[in-house]
Amino acid sequence: MNDELQHLKNLGKTSAQWLHAVGIHSASDLRRLGAVGAYKAVRARGFRASKVLLYAIEGALLDVHWNDLTPGHKAELNHQLDAPGANNKS
C-alpha cells in the first residue's frame, strides 16, 4: 500500500489509519487542518491517542522528529489545543 501519510516523518501505520478514519488522506489534507485540528479530529472519533500524536503530526508537518520540537513549541501546541474553539492550523 502506497500511503502518502506513512511517508511523512513520525507517522506510522496506526497514526495513518486514524488520520484516514477522520478524512485526512494526504499531506495537503494534514496541512489544511493543522496539527491541532487533526489531533482533535482523531480524539473526537474516539481513538485513544496520546499527546505524542499531536507532536508527531506537528513534526510531520515540519519534517522534524517529534522529540526535536522545543518544549516551548509543545507548550504552544497544548495551549492551542486547550483554547476554546481551537481547531485550526498550529
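Predicted model: local features only at pLDDT ≥ 70, side-chain atom pairs only at ≥ 80, totals over all residues.

Modeller: Residues are numbered from 1 along each chain as its sequence is written, and side-chain values use heavy atoms, with hydrogens and water left out.

Colleague: Are the axes of α2 and α3 roughly parallel or roughly antiparallel?

Modeller: Helix α2 covers residues 27-44 and helix α3 residues 51-62; helices are DSSP runs of H or I with at least four residues, numbered from the N terminus. Their axes, lines fitted to C-alpha atoms over the stretch in contact, come within 9 Å and cross at roughly 175 degrees. Angles run from 0 to 180 degrees between N-to-C directions, and over 145 counts as roughly antiparallel. Therefore α2 and α3 are roughly antiparallel.

Colleague: Where is Asp-63, a residue with positive phi?

Modeller: Asp-63 has a phi near 60 degrees, although this residue is not a glycine. Its place is the loop between α3 and α4 (71-82).

Colleague: Is Asp-63 buried or exposed?

Modeller: Buried means under 20% relative accessible area and exposed over 50%, with partly exposed in between (1.4 Å probe, protein chains only). Asp-63 has a relative accessible area of 52%, so Asp-63 is exposed.

Colleague: What is the relative accessible area of Asn-10?

Modeller: Asn-10, in the segment before α1 (13-21), is not a glycine, yet has a positive phi of about 80 degrees. Asn-10 is partly exposed, and its relative accessible area is 24%.

Methods:
Helix = DSSP H or I, 4+ residues; strand = E, 2+ residues; numbered from the N terminus. Parallel < 35°, antiparallel > 145°, perpendicular 65-115°, else oblique.
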